[in-house]
Structure formats: structure tokens, C-alpha cells
Amino acid sequence: GEARGEARGRAAEAAAVTLRQLGRRCGPLSEATNSEIQALPLEQLEGLAEALQDFTGPVDLAAWLADHTG
């Protein structure tokens with residue numbers, strides 16, 4: 001239980017940091033996009049955080065999400 005809660009906390013923190021970085025790189029995100037990113041598992045959040053360094057705008061984010069989510 002405790003480890004699971006800790007993992008959720010790390011994922012929530014990673015999502016918050018990633019969302020702040022995405023806001024700077026891609027502009028304001030829709031609520032749907034925010035929710036989709038917050039729901040990503042930690043491993044995918046880490047991948048997105050790395051990938052966003054190469055993003056030039058919201059089109060890159062949309063393409064990444066299409067390639068890496070259901």
C-alpha cells in the first residue's frame with residue numbers, strides 16, 4: 001500500500017512538472033490534454049518529459065500522444 005501511494009505521488013509530481021514544461025513549449029493545454037497527460041504511467045511521463053525537449057509546438061505533443069497512448 002505504502003509503495004503504491006509513493007509511486008502515485010511520484011507520477012503526480014512528474015505530471016505536474018511535465019505539464020508546466022509543456023505549457024511553456026506548446027502554450028495553454030486543453031483540459032482533455034491535461035487529463036490525458038496526468039493519467040499516463042510514470043514511465044510514459046518520463047518519456048514525454050524527454051521528448052518535449054524537441055517539441056516545437058502543440059502539433060508535436062499531439063503526435064507524441066497519438067503514438068504513445070491508446
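Helices here are DSSP runs of H or I with at least four residues, strands are runs of E with at least two, and both are numbered from the N terminus. With that in hand, start at the end of helix 1: the next residue is G27, and its phi is positive, near 85°. This is a predicted model, where local features need pLDDT of at least 70 and side-chain atom pairs count only at pLDDT 80 or more, while totals for chains, interfaces and linings use all residues. Residues are numbered from 1 along each chain as its sequence is written, and side-chain values use heavy atoms, with hydrogens and water left out.

**Helix 1**

- Helix 1 has 25 residues and spans 35 Å from first C-alpha to last, close to the 36 Å expected at 1.5 Å a residue (the expected span is 1.5 Å times one less than the number of residues).
- Its buried residues are A11, A14, A15, T18, L19, L22 and C26; buried means under 20% relative accessible area, exposed over 50%, and partly exposed in between, with a 1.4 Å probe and protein chains only.
- Those buried residues pack against helix 2, helix 3 (42–51) and helix 4 (58–68).

**Where helix 1 meets helix 2**

- Two packed helices are described by the angle between their axes and the distance between the axes.
- Helix 1 (residues 2–26) and helix 2 pack at about 140° with their axes 9 Å apart; axes are lines fitted to C-alpha atoms, for helices over the stretch in contact, and angles run from 0 to 180 degrees between N-to-C directions.
- That angle makes helix 1 and helix 2 oblique to each other, because angles under 35 degrees count as roughly parallel, over 145 as roughly antiparallel, 65 to 115 as roughly perpendicular and the rest as oblique.
- On the helix 1 side the contact uses A15, L19 and L22, and on the helix 2 side N34, I37 and Q38; contact means heavy atoms within 4.5 Å.
- By class, the residues of this contact are four nonpolar, two polar and no charged (Ala, Val, Leu, Ile, Met, Phe, Trp, Tyr, Cys and Pro count as nonpolar, Asp, Glu, Lys and Arg as charged, and the others, Gly among them, as polar).

**Three residues of helix 2**

- T33 sits in helix 2 and counts as buried at 19% relative accessibility; leaving aside neighbours within four places in sequence, T33 is in contact with L61 and L65.
- N34, also in helix 2, is buried at 18% and touches L19 and L29, not counting residues up to four places away in sequence.
- S35 belongs to helix 2 (residues 31–38) and is partly exposed at 43%; S35 and A15 are 20 residues apart in sequence and 9.8 Å apart in space, C-alpha to C-alpha.

- L40 lies in the loop between helix 2 and helix 3 and is buried at 6% relative accessible area.
- Not counting residues up to four places away in sequence, L40 touches L45, L48, W64 and T69.
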